[in-house]
Amino acid sequence: MAKKTRARRRARQAARRSLWRWLWALLFVGVVVLAGYVGYLDYRITAQFEGKRWALPAHVYARPLELYPGMALEPARLTEELEALKYHSVPSPSSPASYSFGRDVVQIVTRPFMFWDKNEPSQNFRLRFDQNRVADIVDEASGTPLSLVRLDPALIGGIYPSHNEDRVLVKYDEVPQLLIKSLIVIEDRHFNGHIGVDPRAITRAMLANVKARDIVQGGSTLTQQLVKNYFLTSDQTLSRKLNEAIMALLLEWHYDKKEILESYLNEVYLGQDTHRAIHGFGLASHFYFEKPLEKLEPHEVALLVALVKGPSYYDPRRHGDRALTRRNVVLEVMAEQGVISEAERMRARARPLGVSASARSGITTFPAFLDLVRRDLRRDYREADLTSEGLRIFTTLDPRVQRVVEAKVVQHIEKLERQRGLAAKTLETAVIVTTTDDGEILAIVGGRDPRYAGFNRALDGVRQVGSLIKPAVYLTALHKGTGYTLATLLDDQPMLVEAAPDQMWRPRNYDGIFRGSVPLHVALAQSYNVPTARLGMAIGVDKVVATLHRLGIDRDIKAYPSLLLGANVLTPIEVAQMYQTFAARGFRAPLRAVRAVMLPDGTPVKRYALTVEQAFEPEPVYLVNSMLNEVVRNGTGMALSWMLPEGLVTAGKTGTTDDYRDSWFAGFSDNRLAVVWVGNDENRPVGLTGASGALPLWGDIMRNIDAEPFDLTPPEGIERVPIDSASGLRGGFGCDNVVELPFIAGTAPQTLAPCADGDVTRSLDRTINFLKGVFE
Amino acid sequence: MDSYKRFSRRLIVGQISVLISGCAAIPLSQSPSVPERFPPVEERSRADVPVEDRGSAIAPAPEVTALQRPGPAVVALLDDAAARERQGDYDTSIAVLERAVRIEPRNALVWHRLARVNLQHGDAAQAEAMAKKSTQFAGNDARLQAANWRLIASARRQRADLKGADAADGQAVILESPRR
């Protein structure tokens, strides 16, 4: 019996022992798993904390304005530039970013700025105007003349990560103590004492909320809120809360209070600007008040702190009443806790919200241009670098030219619709403006609403180009050794071309008239289709395709005969590249939007250098350019001659496609090139020719962007010879219709026209009659 | 008809004015003097840098004639670019010269300098293209044109195009001959 009980006892003990063993094992596994889990959370939170700490979007700058004696500059334009740079007009400027305008003189103190090639210190100088030119610039302190001053460039936007976050990073020491104290008394009163979570806070918060009959305090600590901000999911499950709490404890274990608070100040979500999330107090200050954090007054600080609770519910722009009530509650707590005095509270309480009307800071106002910059940079940088390294991107955008283009686009498109009786919003447009010799893109508009960041027609609008293609046909024909000159008579009789097997093509002129024969230069100036098609067929469509590629078009182009009249498609930016080569007299310069990229500390990363290539000899290009000038003097673009100021010589080409679906004008002055497209997104006829739709907009832009007259001085190797239009032969006194045309030396016809005979008396008579006719 | 008349009138008036101005023409190259602070790099005489011996050697830049004498802003930039060039910082030198191009895009001298720095930077193709571009704006300034051809010759030698280099040197010799 005793044996039995002993055995049973022993068995029970053994069972108990094994149970304990099991429990210990389980506990051990549990601890290991928990430790692993905590380790995992630790890894996540520290990676997030370190990674987010310095994640900065790339900042994109416009071209800086350079000021120098002799420069053409209207005083009003300089004011405009300074205002756009947020320089302040003050009676006597002494601190950076201030100026004062006097009569014909302006004193400016520039902001220091780190450029690619040089660090520009702040400069205090006096600039004197002589009419609309800069007469001289002198240093304010020393009185020495300055030959060149470069202003800081305007920030035109940023490149943000996919979830479109933007921020203006602030350092702990730059943040006003008032903000920090207010934030702590409202959101986490024991921040400086707790270890990441604060059980007392929950109780206190509940009491405070009941007392104020509003939610004036939350239960989570700032550390917990920071963790929550890092992992932006909105589910409020218990396990998530637990994770948050563990991560908060870990953060506090790794980092000190200052570091955590600094991250919080830069991380907290404070508003929404359409697609852009506003994170951090630094950006919020600009977003709501258009000034930096350190310039905020108590009522403004209170509003920002108030927004932490619910940026969209208390959105001061949409729900002003709610925001005001909440702000005043915050002010009350601030006074109660001694952050501000009662008198300060009363003063702040009396103030309105004070938010600026529009929300414009950092986000681009020039979406079409930024789109191009982003595409260019994506070729060379990973998305993550663009959106987190705080790169400084220097671009070619000229804000003034851009604004002119935008204003003219809005004005002309609406006017065209009214004049043509088109339904509102029928027309769309795209404009691109560049410099000529160095191919810098000054302005881009991608649609009728320049602020709308949608379909970018300047880059993606592939449209038939119509007659814009013709200069390529004529350039091919005028190469040395082809036998064609500007005087060559081209056949203008009905023709039938086999465009593709079993597909006949019968080109017609715009007016339906066949003129028998026309001089080559007239065929281009008047944009006659039949002689152009005949010319193209004679020299070979494949040769024209080769010319187009040399002109800078990379797209695959099929050598169909209909190409000769522009049945192929191009985008406005491709057209701009094609015409740039003409404008630069045969020297192709790839169009550029980005000049250089720099790290935030000023280290250069990459420069996008100017490159040129001589794609064509100067002589044939000169011949085509003189015809493109004829287009605007007395060809299809003649309307420009009364739109543009006298003396502004330009060269260009109209383009119209079948059934008036697309209206184009492409052309240039000496220093400016512009391409304008007007049409309809559904490719429906809009009833506009190149001359009636795109041309007036082109002209209105060109006369407002400091265009200088195109220099038609012929290159060496060009001679001018009088030609009888009727015969295409050398004209002389005696001929009624003589034009002087440029020829590549040695290619002008040697034979005299029949009208220019040698009889001296008869020609003298005719000469006198001719002169009478001219001067009558 | 009207436009034809207008054109003829312009033509005749134009021809008359050409005649008049032809009589009164003043040679452009009489007035110029070289600014003193003009980049010392250019003061190297050709004897110091025998073009034939060194592929990367570059002919000295020509004197500045009235045609391409730059304004003070561009002069300042050319000075700055030359200083960078001396330090061997070709990239920045090019960046500075590009600023000069923006201010005076049709200044033959600026393009010549760009060509030179590009050549020193090892981009012979750009150097040749920019030298040609310079010549396009050089008007009848034979010295600058010759300097551009010398530069093109160096660029071609750098790319082992000896025949092309000789041809370019030939062009330079013609332009440098005193009878021109």
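Tutor: We may begin with A:Ser669, which sits in the loop between strand E29 (663-668) and strand E30 (672-679) of chain A. Please keep in mind that this is a predicted model.

Student: Is A:Ser669 buried or exposed?

Tutor: Burial is judged from relative accessible area, and a residue counts as buried when that value is under 20%. A:Ser669 has a relative accessible area of 0%, so it is buried.

Student: Which residues does A:Ser669 touch, apart from its neighbours within four places in sequence?

Tutor: With those neighbours set aside, A:Ser669 is in contact with A:Thr436, A:Leu648, A:Val649, A:Thr650, A:Met702, A:Ala707, A:Glu708 and A:Phe710.

Student: What polar partners does the side chain of A:Ser669 have?

Tutor: Its side chain makes a polar contact of 3.1 Å with the side chain of A:Asn671.

Student: Let us turn to salt bridges. How many does the structure hold over all chains?

Tutor: Over all chains, the structure holds 56 salt bridges. One of them joins the side chains of A:Arg150 and A:Asp117, with an N to O distance of 3.1 Å. This pair links distant parts of the chain, 33 residues apart: A:Arg150 is in strand E10 (residues 149-150) of chain A, whereas A:Asp117 is in the loop between strand E6 (113-114) and strand E7 (119-120) of chain A. Both A:Arg150 and A:Asp117 are buried.

Student: What can be said of the salt bridge between A:Glu140 and A:Arg126?

Tutor: Their side chains meet at 2.9 Å, N to O. A:Glu140 lies in the loop between strand E9 (133-139) and E10 of chain A, while A:Arg126 lies in strand E8 (residues 124-130) of chain A, so the bridge ties together parts that are 14 residues apart in sequence. A:Glu140 is partly exposed, at 30% relative accessibility, and A:Arg126 is partly exposed as well, at 34%.

Student: And what is the N to O distance for A:Arg128 and A:Asp136?

Tutor: That salt bridge has an N to O distance of 2.6 Å. A:Arg128 is partly exposed at 40% relative accessibility, and A:Asp136 is partly exposed at 27%.

Student: How is the size of an interface described, and how much area do chain B and chain A bury between them?

Tutor: The size of an interface is often given as the accessible area lost when the parts come together. Chain B and chain A bury about 3300 Å² between them, with 53% of it on carbon and sulfur atoms. The contact involves 37 residues from chain B and 41 residues from chain A.

Student: How many salt bridges cross that interface?

Tutor: The rule finds nine salt bridges across the interface of chain B and chain A. In one of these, the closest N and O atoms of B:Glu98 and A:Arg592 are 3.8 Å apart. On the side of chain B that touches chain A, H3(B) gives the most, with ten residues. By class, that side has 19 nonpolar, six polar and twelve charged residues.

Student: Which residues are linked with B:Glu98 in a network of salt bridges?

Tutor: The network joins B:Glu98 with A:Glu440, A:Arg592, A:Arg595, A:Arg607, B:Asp91 and B:Arg102.

Conventions. Residues are numbered from 1 along each chain as its sequence is written. Chains are lettered from A and ligands numbered from 1 in the order in which they are written. This is a predicted model: local features need pLDDT of at least 70, side-chain atom pairs count only at pLDDT 80 or more; totals for chains, interfaces and linings use all residues. Side-chain values use heavy atoms; hydrogens and water are left out. Contact means heavy atoms within 4.5 Å. Buried area is the accessible area (1.4 Å probe) that two parts lose on being put together, summed over both. A salt bridge is a side-chain nitrogen of Lys or Arg within 4 Å of a carboxyl oxygen of Asp or Glu. Helices (H or I, at least four residues) and strands (E, at least two) are DSSP runs, numbered from the N terminus. Ala, Val, Leu, Ile, Met, Phe, Trp, Tyr, Cys and Pro count as nonpolar, Asp, Glu, Lys and Arg as charged, and the others, Gly among them, as polar. Buried means under 20% relative accessible area, exposed over 50%, partly exposed in between (1.4 Å probe, protein chains only). A polar contact is a pair of N or O atoms within 3.5 Å; within protein, one must be able to donate a hydrogen and the other to accept it, and residues adjacent in sequence count only if both atoms are side-chain atoms.
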